[in-house]
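Please examine the protein chain shown below.

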Amino acid sequence: MPTDVYLADCRARLAFDLLANTWNAVVLWALRDGPRRPVELRERIGGISSKVLTETLRRLRFNGLVERWEAPDGPSHVEYRLTDLGRTLLTPIGAVGAWGFEHGDEVMAAQDAAEAGDADSAVPRLRPAADS
């Protein structure tokens, strides 16, 4: 891998951009076991609005990571599933998730320490919201 792999024009940067949006990885992970209807995805994920889910699914379709399937009887039955390309991201997403489980307490402790040292800090917290 070249040493400048993270430059803006590089494909590695494209991968980081795809995973930079939290919901992209969450939706891809929620689809790992097979097709889901939007309402099933919302129930499985929790904490995501219909609007945000729709935007995320459109973004993932645009990037060739999920496909939309509409039943022949009409648009009332729509499902989303991973494409082969989308499946290739499951391993990296799983690795990042495993890192989070292993090191999440350390990250939150560092955030708490930083807050205690500077209560007026404008640095946003990475701690997940209570409803997600």
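Helices (H or I, at least four residues) and strands (E, at least two) are DSSP runs, numbered from the N terminus. This is a predicted model, in which local features need pLDDT of at least 70 and side-chain atom pairs count only at pLDDT 80 or more, while totals for chains, interfaces and linings use all residues. Residues are numbered from 1 along each chain as its sequence is written, and side-chain values use heavy atoms, with hydrogens and water left out.

**Overall make-up**

- The protein chain has six helices and two strands, and from the N terminus on its elements follow the order α-α-α-α-β-β-α-α.
- Of the 132 residues of the protein chain, 24% count as buried; buried means under 20% relative accessible area, exposed over 50%, and partly exposed in between (1.4 Å probe, protein chains only).
- Contact means heavy atoms within 4.5 Å. Among contacts in the protein chain between residues at least 6 apart in sequence, 42% join residues at least 24 apart.

**Packing of helix H2**

- Axes are lines fitted to C-alpha atoms, for helices over the stretch in contact, and angles run from 0 to 180 degrees between N-to-C directions. Angles under 35 degrees count as roughly parallel, over 145 as roughly antiparallel, 65 to 115 as roughly perpendicular and the rest as oblique.
- Helix H2 (residues 22-30) packs against helix H4 (residues 50-62) at an angle of about 80°, and their axes are 10 Å apart. H2 is therefore roughly perpendicular to H4.
- On the H2 side of this contact are Trp23, Asn24, Val27 and Leu28, which meet Val52, Leu53, Thr56, Leu57, Arg59 and Leu60 in H4. The residues of the contact of H2 with H4 comprise seven nonpolar, two polar and one charged. Here Ala, Val, Leu, Ile, Met, Phe, Trp, Tyr, Cys and Pro count as nonpolar, Asp, Glu, Lys and Arg as charged, and the others, Gly among them, as polar.
- H2 also packs with helix H3 (residues 38-45), at an angle of about 110° and with axes 10 Å apart. These two helices, H2 and H3, are therefore roughly perpendicular to each other.
- In this second contact, Trp23, Val26, Val27 and Ala30 of H2 meet Leu41, Arg44 and Ile45 of H3. By class, the residues of the contact of H2 with H3 are six nonpolar, no polar and one charged.

**The second largest pocket**

- A pocket is, on a 1 Å grid over the protein atoms alone, an open set of points where a 1.4 Å probe fits, with protein on both sides within 12 Å along at least five of seven lines; lining residues have an atom within 4 Å of a point.
- The lining of the second largest pocket includes Ala15, Phe16, Leu65 and Thr88. Helix H1 (residues 11-20) gives the largest share of this lining, four residues.
- The lining of the second largest pocket has eight nonpolar, one polar and no charged residues.

**Single residues**

- Thr56 lies in helix H4 and counts as buried because its relative accessibility is 0%. Not counting residues up to four places away in sequence, Thr56 touches Trp23, Asn24 and Val27.
- Leu19, in helix H1, is partly exposed, with a relative accessible area of 30%. The C-alpha atoms of Leu19 and Leu89 are separated by 9.2 Å, although the two are 70 residues apart along the chain.
- Leu90 is found in helix H6 (residues 90-117) and is buried, with a relative accessible area of 14%. Leaving aside neighbours within four places in sequence, Leu90 is in contact with Leu28, Trp29, Arg32 and Leu82.
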